[in-house]
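Take a look at the sequence and the structure below. Keep both in view as you read.

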Amino acid sequence: MKLLLAANWKMYKTGEEAVLTLTDLGRRLSSLPEDRQVIVFVPFTALAQAGQARAAFPAVSLGAQNCYPAEEGAFTGEISPAMIRAAGGTWVLAGHSERRSLFQESDLLIGRKTAFALKAGLGVILCVGESLPERERGDLQPVLERQLEAGLAAVDPVFLPRFAVAYEPVWAIGTGRVAGPAEILESHAVIRAFLERKYAGRGGEIGILYGGSVKPDNAGTILGLDNVNGVLVGGASLQAESFSAIALA
Ligand code: PEP
């Protein structure tokens, strides 16, 4: 399994700014080891421009941060997996905590998106993670299992080779508060055990990424932990210098 180094640019960068950063990133990652894969989740409006400029940064794959689970239709403000693919994206995020909390996305909708996007040919990173009150109540395991169960409910296992989970504790996203090694190990073990149960014998093939205030100075330690197969990076991915340092850590 390749190590996945994923960047989530959230609502930052115009198309022109995205191409500049991606070109710089591509140069810095020209000697990316074969066993690593870099994906940048750009804003919708930057996807086509970035897709056209891809020859300048072949080490980097592109993705969108959201999609709607339908081929087309009267869904104002949404875009389909086919539109993402046509613009040059090969991946999509599902269930980022900002989508869950700011836009009230339900487990059910996230499950529909995950299954539909995989079927439509995209790779999917399903984000799961507990809030601070949930952790403090001792609900880590039930929350992760509920989100995974719903997220994977309609997924055909044939698509698992282009599916990954990102564990992103809500209290560590954009807060500068990184989960410690013991917390990451515990949560990733819960996720791995769930995947092993659900996909007897194949759970070990699914990548589990950690996300939450990953920076160049903590990436090496996090990537060295058991059951950590990559990272999903927000703030520190906006500059090519810091994200390339993480991707090469
Ligand atoms: C994210 O947006 O998925 C994320 C982990 O953000 P940050 O790295 O800024 O905490």
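Predicted model: local features only at pLDDT ≥ 70, side-chain atom pairs only at ≥ 80, totals over all residues.

## Helix α10: an enclosed helix

Start with helix α10, residues 240–247. Six of its eight residues are buried, so the rest of the structure largely encloses this helix. The buried residues are A240, S242, F243, S244, I246 and A247.

## Helix α9: one buried face

Now turn to α9. Its buried residues are N218, A219, I222 and L223. Look down the helix axis, and these residues fall within an arc of 130°, so they line one face of α9. The face turned away from that buried side carries the exposed residues D217 and T221.

The buried residues of α9 have several packing partners. Among the strands are β1, β2, β7 (207–211) and β8. The helices are α8 (181–198) and α10.

## Helices α5 and α7

Two packed helices are described by the angle between their axes and by the distance between those axes. Take α5 (residues 107–119) and α7 (residues 140–152): they pack at an angle of about 45°, and their axes are 7 Å apart. The crossing is right-handed.

Which residues of α5 and α7 meet? From α5 come D107, G111 and T114. From α7 come R146, Q147, A150 and G151. By class, this contact has one nonpolar, four polar and two charged residues.

## Helices α7 and α8

Helix α7 also packs with α8. Their axes come within 10 Å and cross at roughly 40°. That makes α7 oblique to α8. This crossing, too, is right-handed.

On the α7 side, the contact is made by L140, Q141, L144, E145, L148, E149 and L152. On the α8 side, it is made by E186, S187, V190, I191, F194, L195, R197 and K198. By class, the contact of α7 with α8 has eight nonpolar, two polar and five charged residues.

## Putting it together

Helix α7 meets α5 through R146, Q147, A150 and G151. It meets α8 through residues that include L140, L144 and L148.

Methods:
Residues numbered from 1 in each chain as written. Heavy atoms only, no water. Buried < 20%, exposed > 50% of the residue type's maximum accessible area, 1.4 Å probe, protein only. Helix = DSSP H or I, 4+ residues; strand = E, 2+ residues; numbered from the N terminus. Axes fitted to C-alpha atoms, helices over the stretch in contact; angles between N-to-C directions. Left-handed = near helix turned anticlockwise from the far one by under 90°. Contact = heavy atoms within 4.5 Å. Nonpolar A, V, L, I, M, F, W, Y, C, P; charged D, E, K, R; others polar. Arc of directions from axis to C-beta. Parallel < 35°, antiparallel > 145°, perpendicular 65-115°, else oblique.
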